[in-house]
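Please look over the model below. The report that follows walks through its helix packing, its aromatic pairs and some individual residues.

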Amino acid sequence: MLVYPSGIDVSSAALRHLSDRLRQHRRALGTRWRRLPAGRQALLVLAHLRNGHTYAQLAAGFGVGTTTAYRYITEAIEVLAAPAPSLAQAARTASTKAFVLLDGTLLPIDRVAADRPFYSGKHKKHGMNVQIIADPAGRLLWASPARPGAVHDVRAAREHGIIDALAETGITCWADKAYQGAGGTVRVPYRGRWEKLSEGQQAVNRSHTRIRALVEQAVAALKSWRVLRKLRCSPAPTTGLVQAVLCLHLASSD
């Protein structure tokens with residue numbers, strides 16, 4: 001396999017954060033020697049998460065075996081995901097904001113037609129449903145554990161306890177029509193064909209769309225990590241990947 005220099009569009013803060021976490025993990029394990037130092041392992045993991053490089057590609061580029069690359073990445077994802085903010089912590093952070101934005105996104109996966117639990121009728125593809133909370137500026141605050149793609153957004157929000165958590169803090173939440181009937185402090189636009197809505201309802205919907213449009217920035221921030229654009233592994237590790245990416249994003253945003 002040919003090897004060439006490449007770049008990763010990630011801040012040095014993310015690299016330092018991951019390197020420090022890996023060094024602490026190695027000290028806790030009492031590790032004496034590794035094929036790659038913590039800094040190089042961190043760089044390998046960032047290349048996988050941000051650029052979506054395969055284990056074989058990374059193994060060739062870093063001069064290690066494919067199994068070693070897999071082990072390094074799996075270890076780092078577990079280390080990163082461990083301190084991911086809980087929903088309760090995210091709700092406390094949200095309580096300091098004027099309001100929050102809620103949306104669901106589908107992370108595509110490789111599945112066959114028989115895997116109905118993972119098929120999203122809305123997106124017409126297989127994937128995993130992840131709920132996202134963003135602040136009024138569209139900055140990512142929290143991402144939920146992954147659920148099969150067939151789970152509807154409002155159902156996923158209820159199962160994760162998002163609606164109740166936001167209601168307890170009294171923070172207003174703006175969401176789209178997928179959250180009709182959610183209750184609590186969730187605000188959704190009026191349903192119905194545009195021409196059948198009154199002028200007042202149309203004005204409310206236009207205002208609602210302008211407010212919640214910024215949540216797309218949070219979705220884009222999550223999917224800027226290319227490993228989440230197309231999951232080519234079992235759906236089981238999806239939650240760990242999402243939590244790891246969330247922690248890296250928050251660390252680099254501080």
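Predicted model: local features only at pLDDT ≥ 70, side-chain atom pairs only at ≥ 80, totals over all residues.

Residues are numbered from 1 along each chain as its sequence is written, and side-chain values use heavy atoms, with hydrogens and water left out.

Helices (H or I, at least four residues) and strands (E, at least two) are DSSP runs, numbered from the N terminus. Helix α3 spans residues 55-62. Its residues Leu-58, Ala-59 and Phe-62 are buried. They lie on the same side of α3, because they cover an arc of only 100° around the axis. That arc is taken from the directions from the helix axis to the C-beta atoms. Buried means under 20% relative accessible area, exposed over 50%, and partly exposed in between (1.4 Å probe, protein chains only).

What covers these buried residues includes α2 (38-51) and α4 (66-81). The axes of α2 and α3 are 10 Å apart, and the helices pack at an angle of about 145°. Axes are lines fitted to C-alpha atoms, for helices over the stretch in contact, and angles run from 0 to 180 degrees between N-to-C directions. On the α2 side, Arg-40, Leu-43, Leu-44, Ala-47 and His-48 meet Tyr-55, Leu-58 and Phe-62 of α3. Contact here means heavy atoms within 4.5 Å. After α3 comes Gly-63, with a positive phi near 70°.

**Aromatic rings**

Rings of Phe, Tyr and Trp (its six-membered ring) pair if their centres lie within 6.5 Å; planes under 30 degrees apart count as stacked, over 60 as edge-to-face and the rest as tilted. The count by this rule is two aromatic pairs.

| Pair | Centre to centre | Between planes | Type |
|---|---|---|---|
| Tyr-55 and Tyr-70 | 5.3 Å | 85° | edge-to-face |
| Phe-99 and Trp-174 | 6.3 Å | 70° | edge-to-face |

Tyr-55 in helix α3 and Tyr-70 in helix α4 are 15 residues apart. Tyr-55 is partly exposed at 30% relative accessible area, and Tyr-70 is partly exposed at 44%. Phe-99 lies in the loop between α5 (87-94) and β1 (100-108), and Trp-174 in strand β6 (residues 173-174), so this pair ties together parts that are 75 residues apart in sequence. Trp-174 counts as buried, at 13% relative accessibility.

Helix α10 covers residues 238-253 and holds Leu-246. Leu-246 is buried, with a relative accessible area of 0%. Which residues touch Leu-246, leaving aside neighbours within four places in sequence? They are Pro-85, Leu-140, Leu-141, Trp-142 and Ala-143. Leu-140 is 106 residues from Leu-246 in sequence, yet 8.2 Å away, C-alpha to C-alpha.

Ser-252 also lies in helix α10. Ser-252 is partly exposed, at 26% relative accessibility. Not counting residues up to four places away in sequence, Ser-252 touches Ser-11, Ala-13 and Ala-14. Ser-252 and Ala-14 are 238 residues apart along the chain, with their C-alpha atoms separated by 5.0 Å.

**A loop residue with positive phi**

Most residues other than glycine have a negative phi. Lys-124 is not a glycine, but its phi is positive, about 60°. Lys-124 is in the loop between β2 (119-120) and β3 (125-134). Lys-124 is exposed, with a relative accessible area of 62%.
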